[in-house]
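Please walk me through this structure in plain terms.

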Amino acid sequence: MKNINKKFWLGVIVSLIFYGVVQVLITTGIFNDVTRSMFLLIGVNVMLAVSLNLINGITGQFSIGHAGFMSVGAYTSAILTLDYNVPFVLAIVAGGVLAAVFGVLIGMPTLRLNGDYLAIATLGFGEIIRIIMLNTEYVGGASGLSGIPAKTTWTVIFFFTLITIVLINNFIRSTHGRACIAIRENEIAAEAMGINTTLYKVIAFTIGALFAGMAGGLSAHTFYVITPGSFNFLKSFEILVMVVLGGLGSTAGAIVGAVFVTLLYTYLRDFPEWRMIIYSIVLILMMIFRPGGLLGSTGFSLKKFGKKGAKVSGDVNSSAS
Amino acid sequence: MEYFIQQLINGISVGSIYALIALGYTMVYGIIKLINFAHGDVFMVGSFIGLFSANFLSDAGLPPVLVLIVSLVFSMTVSALLGITIERFAYKPLRKSTRIAALITAIGVSFLLEYTGVLVLGPQAQGFPDILVKKQFNLFGTDIQVESNQVMILLVTIILMILLQYIVRYTKTGKAMRAVSFDMEAARLMGINVDRTISATFAIGSALAAAAGVIFGMTYNSVDPLMGVMPGLKAFVAAVLGGIGSIPGALVGGLLLGTVETEISSLGYSSWRDGVAFAVLILILIFKPSGLFGKNVREKV
């Protein structure tokens, strides 16, 4: 326990130093606008990937409707700041909360399904949310909302991301997180051990939706415009790809995956015709040669650098911040 | 009433296209439990090959019916080869790894086909030639109209279905396919060449998708490299609706989805069409998780 505490504070200090360095580079203007918005995007994507990892990687529930929750958060917070002058941070949190409510509503009926059927159902729900947005004039229909104040700064995004990582990681390490892992490993056995599987699945789903909603709100306030089309199932796939490329079941992996995909996307922007082709070839090759993802399912720990090959599946004692 | 039947006929022709694509999904899922997301893009490739060969053959002066048959067969053959290639290079190395890794690969292949298409053909839509002259008939002297195209779609679908039933029921490959989908390991022990059977499944599924692509092009007269995304997803919904892994299920699911969609559109809610399709899917999944024709598999403890 002491060890975990020490690692936790070490992680916090390292990330605060990282925050400071980037902040200085932004204020001194060494980072141009492209790099700055790339860092904001990395933050949003890390939040999305870490929250999806809780559902897919830790609880083992195959969900591919994350963009739906993201859009609920994005639209809610954008409307709150645009029409009601709600303070920015409050609007983001409100967006997350509404997304969480959707998480409960969608999770309750669908989480009885498992495997591929759950995947299809969540995909369907994500698309239904998109189509509802598309047909609602109040939120701008197909043209979406524009003129959203660009209030997301590096400071805001950094602290939201840090809080996401810390909270989700603490959840994973708690009794409840262990219950979720038990469900992933063997649902029937977990049930037999007295774990209320439905309850924990819904909890994981709701927490995932909460943070996805907040990430959506932050991304809406980074760019000026949101349209229903930016939250289609391709976006859900993109988040899933981050989680799987990084290593399903590992928070550190989700972070690495999110950073990797964002960098890939940003730097391939110079080759627009080749961007998606290179991206898809990277995906296929990654899955063929390293199907477990970059970090496998092991957590990130400094100890591993000393001990080679100490791979424990499902090790989540990570201080991945 | 007549209006309803009119929409039903339109729905059946849309549904036939879904059904043909859905068959590929269902067969592949039945045999290796993979949601082959690239299937919708094989449909797109098939459509383009149909477009090119139809243009070429029309210029060469072949009679229209022959143009249709030859470009249909040519497109199906090339797509079958494409399906086998995809399986060989992208899915086969992953046969032993997790399903999620295979799924991500399928998404990768899908992007690869789509954006190679954009690179080679350009992102804009291209016109599909009218291979057959479109005519309209009145059904049994009523006001219900049937287009010659719709008759052609139904005809092609029925012929392909009969062919498929024959292959699956009576040929050696078909028997092997059923055996492998029932229990891959046991089939291997019985001396069935599992790899070849899986290749055959991909070939047949892709050929059916290509046929759907050609008739899709003839119906809507417009094809583009990203056209496979939505029909692919819908066909997948159709496959799940009917019970994934079941061939009659795919047919019924496709027709059902096509009919529901057309009825919704005809009531003036065409922008809600896709949403209703997914809502139907979720309702079916909640109340009958294995689809209309699916077998309920008990979980092993």
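Where does B:Q126 lie? B:Q126 is in strand 1 (residues 126-127) of chain B; strands (E, at least two residues) and helices (H or I, at least four) are DSSP runs numbered from the N terminus. The residue is partly exposed, with a relative accessible area of 25%, where buried means under 20%, exposed over 50% and partly exposed in between, with a 1.4 Å probe and protein chains only. B:Q126 is 77 residues from B:I49 in sequence, and their C-alpha atoms are 12 Å apart in space.

The model is a predicted one, in which local features need pLDDT of at least 70 and side-chain atom pairs count only at pLDDT 80 or more, while totals for chains, interfaces and linings use all residues. Residues are numbered from 1 along each chain as its sequence is written, chains are lettered from A and ligands numbered from 1 in the order in which they are written, and side-chain values use heavy atoms, with hydrogens and water left out.

Helix 8 of chain B covers residues 194-220. Its 27 residues reach 39 Å from first C-alpha to last, close to the 39 Å expected at 1.5 Å a residue; the expected span is 1.5 Å times one less than the number of residues. Of those 27 residues, 23 are buried, and the helix is mostly covered. After the helix comes B:N221, with a positive phi near 55°.

Aromatic rings come next. Rings of Phe, Tyr and Trp (its six-membered ring) pair if their centres lie within 6.5 Å, and planes under 30 degrees apart count as stacked, over 60 as edge-to-face and the rest as tilted. Over all chains there are 22 aromatic pairs by this rule. One of them joins B:F37 and B:F236, a tilted pair at 6.3 Å centre to centre with 50° between the planes. B:F37 lies in the loop between helix 1 (2-32) and helix 2 (39-59) of chain B and B:F236 in helix 9 (residues 229-242) of chain B, so the pair ties together parts 199 residues apart in sequence. Both B:F37 and B:F236 are buried. The rings of B:Y91 and B:F202 have centres 5.7 Å apart and planes at 40°, so this pair is tilted. B:Y91 in helix 3 (residues 64-91) of chain B and B:F202 in helix 8 of chain B are 111 residues apart. In chain A, one aromatic cluster is formed by A:F18, A:Y19, A:F39, A:W154, A:F158 and A:F159.

On a 1 Å grid over the protein atoms alone, a cavity is a set of points where a 1.4 Å probe fits but cannot get out, and lining residues have an atom within 4 Å of a point. Grid points are joined across faces, edges and corners, and a volume is the space filled by probe spheres set on the points. There are seven cavities of 30 Å³ or more. The largest cavity has a volume of about 120 Å³. Among its 15 lining residues, the closest to the centre are A:F233, B:F37, B:S110, B:E114 and B:V229. Helix 4 of chain B gives the most to this lining, with four residues.

Definitions and conventions. 1 Å grid on protein atoms, 1.4 Å probe; cavity = no way out; pocket = protein on both sides within 12 Å on 5 of 7 lines; lining within 4 Å.
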